[in-house]
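The following note is intended for a colleague who is meeting this structure for the first time. Its points are numbered so that each may be checked in turn.

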Amino acid sequence: MSISANPVLDVRDLDISYSHGDERSTVVHGVSFTVEPGEVVALVGESGSGKTSTAQAVIGLLAGNGRIERGSIHLNGEEISRWSARRLRSIRGAVVSLVPQDPGSSLNPVLTIGAQVREILEIHGRLDRREADRKVIELLTNVGLSEPELRARQYPHELSGGMKQRVLIAIAIALRPALIIADEPTSALDVTVQRRILDLIDDLRREYGTSVLLVTHDLGVAADRSDKIIVLQGGRIQEQGKTADVLASPQSAYTRKLLSDAPSLAAAKPRPPLKPGRPTALTVSNLVQDFTLPTGRNFRAVDGISFSVARGTTHAVVGESGSGKTTTIRSIAGFQKPTSGEIRIGDLDVASLRAEALRQFRRKVQLVYQNPWASLDPRQTVQAIVEEPMLNFDSLPRTEREARVRAIIERVGLPATVLSRLPHALSGGQRQRVAIARALVLEPEVVVLDEAVSALDVTVQAQILELLAELQRDLGLTYVFVSHDLAVVRQIADTVSVLHNGRQVDYGTVDEVFSSTSTAYTRELIEAIPGRKFPHAETSRQFIKAGPLS
Amino acid sequence: MTSIDTFAHLTSTTAEASPRLGKRRGVLKTLRNFPYGLALAWLVLTLVLLWAIVPWIFTSYDPLQGTPGGQLKAPSALHLLGTDSLGRDLFARIVYGAVHSLSGAVAAVGVGLVVGSGIGLIAGSVRGRVDEVLMRLVDVLLSIPTLLLSLSIIILLGFGTLNAAIAVGATAIAGFARLMRSEVVRVRNAEFVEAAFGSGGTFGKVLWRHILPNSLTSVVAYTAVQFGWAILQISTLGFLGYGAPPPTPEWGLLIAEGRNYLATAWWLTAAPGLIVVAVVLSANRISQSIGRSAR
Amino acid sequence: MTRYVIGRIGQALLVLWAAFTLSFILLQAMPGDAVLIKFLNPEFGLSADQVADIRAAYAVDSNIVVQYGNTLVNFLRGDFGYSLQAGVPVSAQLATNLPPTLRLAGLGFLAATLLAVFIAFLSSMAPFAWLRNAIQSLPSLFISVPVFWLAIMLIQIFSFRFRLVSVINPGPWESLVLPVATLAVPIAAPLAQILIRNIDEIRTRPFVAVARAKGASETRLLWRHVARNAILPTLTIAGVLFGELIAGAVVTETVFGLNGIGGLTEKAVGNQDLSVLQAVVVISAAAFVTINLAVDLAYPLLDPRLRNRSGAAA
């Protein structure tokens, strides 16, 4: 990492624009940065910050309507931004390669893994068939895949998400490129898998001496894994510098905001402990949920989960994909009948309710979905969306209904002008506020939040979490909060259930679960949370490590 | 409904363009972005619709009465599209024939739309055994090639314009049923529909407020395609002689009659055929624009 | 897997049986007695008794359920009854008319596939945007053309105008050129449309971007990554295309005056020859059901995602 060597990548005054019909809009403005040999540089920003466009420009993969307006991109000293497609092809894969965002759809479904790894060797072909096959196995072994010979013969759908990402990394490192562009390489993966994949990229980088341009929305990932951070907002660089320096003393207001909004163990202000003696709002006892697979076999998604939630508190249900957390809350919300077990809200057993009683029960429990793009009818105005639950129950006069809609919209922090708009005219955060307003308009006792903030940018996420806390204080709401993000959970929950493969492995107050008394699985989850190198992270880290190992 | 929106949008852009003559760039941009194909499609359909309603405005000739001595005349200023073997003006026959083709197509699509969408809606909303039985019935309808199915129905009902329309409509049922069902199932699985049930909606209310409005656009787009397709089918039946009897100037029949004079009077087959192509193409273009606005 | 195959075959047989029943209801159970229409014609000069004898011979008078049973058993044995018009067994008529239609349909389908693939790939590979757009709009033009009119126009242009193809006493292959061209157009149109749509859709998938990032050329992308993923789903419209093929054959054989199933059908409708029409309907339905069954059973073999799912589940 000598300073005298030429940078691998030198981007100067880069402007990128996209055309939409007749309009051209510039999305990247005068971006300049360098990546030195062996260095990991993180491009950090929220959606629309231009981080992905910048990365795509470097590998010459801008979408058809995108164009480099100005500036230069020097790769290994050669200016490539004006190169022809044919010339660019000769360096793609060989000098600069890509680890894509979504491993699930980034492999061709009808070709074997082996064929897809071998392809990059064929394209820049210097190996004969047998040598190439041996190299494929070697690469698959290097990225830590078990039984590489078997994997090479398998098709993408037979591999898990983490395994697919390993295959894609194998492709990216195959020709020992000077630079790897990792575009949100782990955002589609569970935290424990994310950690292993990032470790792998780190190890390979060290072994091969490759530089990495890491594109991420997750400041925690950037903090842990990069030497240098570039913070982008609205297509402009807000700040860049050595990672440690940026984290320790951020210069721009935006970076400070990102740092304070990013959920991390460190930033979490612990909630005051619960006073005992609160009445119970929700009790789940021995919940079991079986599904019949298309093959006729039974699959137990949820196996004997029990917890209770006191009124006015937040209970978090945590787990990775496939842990049964979504199944659990769908049973609570009355969308499916439990195979066995009991769910009590007040004096009602949800499982015993039929048609009309179930409909009446819905006034007590409301669900807020993860994706505010899918959970609002695209053809209804905000007014109609929020008003609808009232139409299903009491026949209130029109003026009364409108007054209530107006009040609740104001309550969730939206201006009255949104009432006449359609969902597509709103931002993600605004939509989620509308979804919350719809859930609250019936004045429910329990609100179930299904990953309700994980589709949002961190600054918006922080605002919604703030809103939820405020509503809970003022209205005495009880939340069941489902999340994969332990950092968020630590920040907002009073009690936690940790699920793993359908079983509840830990249950208790936040302090209990996050302390050393929890199971190995929960501790692995906590360890995997990115953001260890955040300025104040040391304290919480010690907090975890200090406890006696069970 | 959406097609009217598109149309309104289309006219509003032209209206906007005129006062801005000073701003050259704005006008140029509007001119470049103007959907000429779509405008032309609407123009063709409007014109043909007018032919069907008030044919006498467009021609002074009688579609059934020929001029003696004026047989098989080539197109000229006097006879825009020439005359047929009985001296009848071909343009007049095409204009007066519009009503037969259009009403036939409307009736056919109406049968398909009402019966097919009804089946699809029930199958998609009720699910379970009813769905299974209805969709197997649709499979049976699909298993008989459309032309053979309409021929079987025509044999049963007899020849004629209305019977041909019913026969074509019957073959459209399966398509509408499948589309409607898949749309209902698609919308039903959408999160906002679950959210509507979750906020206490009854099945009927959710169906009316969310499922129907959100599945309708595709059905409207499909209806436009089917309209063009029905015109084709009806003209085919007319050509084979199973539709309207002569001397009705139905378009398919016009082509069949002109076929005997291929070597001498090419216009007798070319002109009505081109009209059919234009109408069907327009219907498809409009359907496409509706479908695009849906997503 | 075996259970799936057996279930799928059972379902196909059920549909076929229902199609037979539907055709029986439409063509035989309903009033509109073809025997009466033909033999009550004064030209025959038959007495009422003689007509009754004939009716008995054709078994049209017996109970409808008995009739249904008889017809079903006869169909299963390959006996489709007698053509009222020609007075010969329907099976004999089918035997003479099937080969020319199969030849026409086979060639038409082949030409259509070539045309569709040509259009689809040209529409994404042609050098200029305007040319790509023009090629992309070809299928919707093709779909809008009435087949019978196309046939007539082809005769007019190539036989009368340019005298390239003789209409009087053409050779066996020469007589097929225009019919095959006519038939190819309506088949190629939906095929090309679905291909173009799939190619456009597949090109936006992330795995294509990954292949591009490997340094793959456009040709390689298209053939190795896009083509196979785009072509697979077109198999599912094979049944629909078969229907188009039958309709096309009826019209084409009528216009060109060719012998074949299409011409036979057209005459049968004109003469109210119900046995012939029912035989054609049931055989077409059988072919349709078989094609769809074959596609369903073959699909897992061609798409690894389905192959392993059914394999792994067992």
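Predicted model: local features only at pLDDT ≥ 70, side-chain atom pairs only at ≥ 80, totals over all residues.

1. The contact between chain B and chain C takes 35 residues from chain B and 40 residues from chain C. On the chain B side, helix 5 (128–143), helix 6 (146–157), helix 9 and helix 11 (267–294) each supply at least two residues. Helix 6 of chain B provides the largest share of that side, namely 9 residues. Sorted by class, the side of chain B that touches chain C holds 23 nonpolar, 9 polar and 3 charged residues.

2. As to its own fold, chain B has 11 helices and 0 strands. Read from the N terminus on, its elements are therefore written α-α-α-α-α-α-α-α-α-α-α. Of the 295 residues of chain B, 52% count as buried. Among contacts in chain B between residues at least 6 apart in sequence, 68% join residues at least 24 apart.

3. Chain A is divided into domain 1 (9–261) and domain 2 (281–545). Taken over C-alpha atoms, the centres of these two domains of chain A are separated by 34 Å. Between them, 18 residues of domain 1 of chain A are in contact with 17 residues of domain 2 of chain A. The side of domain 1 that touches domain 2 draws at least two residues from each of helix 7 (191–208), helix 8 (219–225), helix 9 (243–248) and helix 10 (253–261) of chain A. By class, that side of domain 1 of chain A has 6 nonpolar, 5 polar and 7 charged residues.

4. Two helices of chain A deserve a separate remark. Helix 3 (residues 113–123) and helix 4 (residues 129–142) of chain A pack at an angle of about 115 degrees, and their axes are 9 Å apart. The crossing of helix 3 and helix 4 of chain A is right-handed. From helix 3 of chain A, A:Gly114, A:Val117, A:Arg118, A:Leu121 and A:Glu122 take part; they meet A:Ala132, A:Asp133, A:Lys135, A:Val136, A:Leu139 and A:Leu140 in helix 4 of chain A. The contact of these two helices of chain A comprises 6 nonpolar, 1 polar and 4 charged residues. In general, an α-helix has 3.6 residues a turn, so residues three or four places apart point the same way.

5. Chain A also contains an open sheet of 6 strands, in the order 16-17-18-13-19-20, with mixed pairing. Its edge strands are strand 16 (365–368) and strand 20 (503–509) of chain A, each of which pairs on one side only. On average, and ignoring direction, neighbouring strands of this sheet are turned by 15 degrees against each other. Strand 16 of chain A runs parallel to strand 17 (residues 446–450) of chain A, and 4 bridges join the two. A:Leu367 stands opposite A:Val448 in strand 17 of chain A.

6. A:Met390 is placed in helix 13 (residues 382–391) of chain A. Not counting residues up to four places away in sequence, A:Met390 touches A:Leu396, A:Arg401, A:Arg404 and A:Val441. The C-alpha atoms of A:Met390 and A:Val510, which are 120 residues apart along the chain, are separated by 36 Å.

7. In chain C, helix 10 (residues 206–213) is mostly covered, with 6 of its 8 residues buried. The buried residues of helix 10 of chain C are C:Phe207, C:Ala209, C:Val210, C:Ala211, C:Arg212 and C:Ala213. Their cover includes strand 6 (96–99) and helix 6 (161–173) of chain A, together with helix 11 (218–231) of chain C. After helix 10 of chain C comes C:Gly215, whose phi is positive, near 100 degrees.

Definitions and conventions:
Residues numbered from 1 in each chain as written. Chains lettered and ligands numbered in written order. Axes fitted to C-alpha atoms, helices over the stretch in contact; angles between N-to-C directions. Left-handed = near helix turned anticlockwise from the far one by under 90°. Contact = placed C-beta atoms within 7 Å. Nonpolar A, V, L, I, M, F, W, Y, C, P; charged D, E, K, R; others polar. Domains from an automatic or database assignment. Pairing = 2+ DSSP bridges. Buried ≥ 20, exposed ≤ 12 C-beta atoms within 10 Å, placed from the backbone.
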